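Hello,

Here is the structure I promised to pass on. Please have a look at it first, and my notes follow below.

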Amino acid sequence: MITAISGDTSRLRATADFVKAQDTATLLPLLLPGLDGPELRSLAERCTFSHAALLVFPPDEAALNATLTDCGLVADAPPQASVVVRERLAVRHQRPTADLAVSILRPAVECLDGTRRMVEVFVLPVEPGSDLDAVAAHEREQQHEAHVAFEVEAPDPLVLRGLCAAFGRYGATPDGGGYNPHENGTVFYFTAPAEAKAGYRRVELYVPGDHRDLLAAHLDEHRKSQPAETLLRQLTGAWTTQALAAFARLGVADAMSMERGVEVSQLAAEVGAFAPNLTTLLRYLTMLGAVSEEGDRFRLTGTGRLLRTDTEGSMRPLALMYGGPFYESFAGLDHTVRTGEVAFEQRFGENHFDHFARDPELAELFDLSMAAGARMFDPLPTHPVLTEATEGATVVDIAGGNGELLGRILSAHPRLQGALLERPQTVETARHLLAEAGHSERCTFHPGDFADVPAGGDVYVLSRVLHDWDDDRCLEILRHCARAMPDTADLLVVERVLPADGSPSLATAWDLHMMCNVGGRERRADHYARLFADAGLTLVGVTPLPLDGNVLHVRRGAGALAP
């Protein structure tokens with residue numbers, strides 16, 4: 001143990017000496033051979049050498065303080081939790097993140113060029129005889145976390161993209177990264193080319209603020225070269241679903257706020273949970289960005305707030321549905337792929353419509369989960385078919401659920417009338433909600449099935465209906481619509497349309513979900529166009545919506561959109 005501590009001290013002293021001797025313009029060409037002239041000056045203006053880092057393994061706080069003192073280093077601030085390094089260690093050594101209490105210290109040093117830079121010290125306490133001894137020995141030998149870092153002066157997305165591209169041009173490759181909510185900073189890691197002469201192969205770009213949108217593309221590039229890590233993260237996706245569902249189901253999100261942190265003991269008492277296990281759950285949710293850890297307290301983030309019951313646009317019902325009945329049925333995906341039968345029906349003995357209708361609580365949860373995806377609808381009331389509709393025109397929402405979408409349309413357009421067709425048990429819920437919104441005098445309600453589509457409307461809406469059914473049933477539904485529609489009426493079909501070029505889309509994920517749980521499917525635009533044509537209708541336009549949704553504008557007669 002004494003030898004190990006001495007080794008940590010020597011590495012820390014060498015790191016401090018390196019930081020004192022370097023500056024931005026000298027270090028960049030050592031890391032990126034061939035970088036010089038105007039491009040070197042441009043990079044040096046946009047990012048500044050800020051620190052060098054290493055990971056140490058003291059047995060306790062006293063030993064850490066002694067090591068810092070021996071190296072002439074003083075930490076001016078208390079340690080912060082390290083999210084990124086903890087995750088990397090967990091993946092590399094296949095250990096639970098809760099076992100890896102990694103923190104960060106940043107003692108400053110006076111450099112030869114007169115500036116103050118930092119030595120970033122990652123600390124993982126390892127007591128003598130601990131089962132973490134093997135982790136410490138491996139990390140000391142391989143120095144995976146040793147790196148040099150540059151801080152981006154102006155965290156503009158265009159500047160950041162340019163810096164990442166410049167690093168790539170000179171041989172650096174993406175090597176992970178992450179967002180640290182404790183510091184509100186985003187880290188982009190690179191591996192320097194083999195010809196680098198700085199003594200470090202790992203380079204960090206640190207960007208103040210939350211830049212997870214740009215980080216996602218960076219991580220995708222990294223994962224292409226790390227298939228085992230990528231697969232491991234994908235295999236543990238079920239843990240994420242259940243962690244978020246448990247967070248919602250236990251009411252933990254409802255007991256937290258974004259304004260202040262709360263101690264785990266207080267949370268556990270309020271929701272009736274076992275405090276040590278609740279701590280483990282919250283640390284995992286910290287990694288997901290649903291909560292943030294602040295010492296011995298946890299605080300809700302904007303993401304976690306969406307799992308509160310009282311949040312506008314709450315996604316809690318979706319968490320309970322995807323972590324409940326649909327989670328159970330997805331275990332039968334192989335049965336669906338092998339036999340063509342619906343896994344939900346194998347698991348529960350009946351289709352999901354009948355199953356939910358038989359259980360009032362499940363039926364309510366399903367309706368709420370459908371409404372929870374309502375952000376997809378936000379732009380729909382601005383569709384020209386609705387904005388240009390004449391005074392008193394009637395919008396008919398077919399299988400309109402609890403009236404969420406029709407209510408949005410009527411609120412946006414007080415001159416329009418509404419009609420809602422739904423199952424009898426759901427119509428009453430819609431009647432109540434639309435009355436609360438002040439729309440009852442402008443809306444009629446029609447209990448029934450697809451064969452009962454009200455005739456004579458001006459605009460018909462089919463929202464997230466067709467993907468529930470196979471082509472034969474879709475064609476039957478569309479023919480009911482066509483028979484009810486006057487020649488001048490419009491039909492707006494809201495669905496996730498599969499990209500024709502195979503690009504990533506939520507529609508592809510929902511295609512799998514519909515196959516497994518409903519027996520339906522998502523479709524490409526040309527597939528919908530053929531269904532419409534077979535029903536005597538014509539696709540005249542496709543408009544994108546949020547959450548990879550689309551609205552397909554359909555009419556009777558000529559004017560088809562070329563598929």
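How many cavities of 30 Å³ or more does a search of the whole structure find? The search finds four. Before the details, a word on the basis: this is a predicted model, where local features need pLDDT of at least 70, side-chain atom pairs count only at pLDDT 80 or more, and totals for chains, interfaces and linings use all residues. Residues are numbered from 1 along each chain as its sequence is written, and side-chain values use heavy atoms, with hydrogens and water left out.

**Cavities and pockets**

On a 1 Å grid over the protein atoms alone, a cavity is a set of points where a 1.4 Å probe fits but cannot get out, whereas a pocket is an open set with protein on both sides within 12 Å along at least five of seven lines; lining residues have an atom within 4 Å of a point. A volume is the space filled by probe spheres set on the points, which are joined across faces, edges and corners.

The largest cavity holds about 100 Å³ of space. Its lining has 13 residues, with Ile104, Arg106, Glu120, Asn180 and Val187 closest to the centre. Two or more lining residues come from each of α5 (83-93), β5 (116-123), β8 (185-191) and β9 (202-208); helices (H or I, at least four residues) and strands (E, at least two) are DSSP runs, numbered from the N terminus.

The second largest pocket has about 320 Å³ of space. Of the 16 residues that line this pocket, Gln80, Ala81, Val102, Glu293 and Gly295 lie nearest its centre. β2 (80-81) and β11 (291-294) are the elements that give two or more residues to that lining.

**His51**

His51 belongs to strand β1 (residues 47-56). With a relative accessible area of 3%, His51 is buried (under 20%, 1.4 Å probe, protein chains only). Its side chain makes polar contacts with those of Ser50, at 3.2 Å, and Glu120, at 3.1 Å. Such a contact is a pair of N or O atoms within 3.5 Å, one able to donate a hydrogen and the other to accept it, and residues adjacent in sequence count only if both atoms are side-chain atoms.

Two bridges join β10 to β12 (residues 297-300), and Glu263 has Arg297 as its bridge partner in β12.

Best wishes

Technical notes. Buried means under 20% relative accessible area, exposed over 50%, partly exposed in between (1.4 Å probe, protein chains only). Two strands pair if DSSP finds at least two bridges between them.
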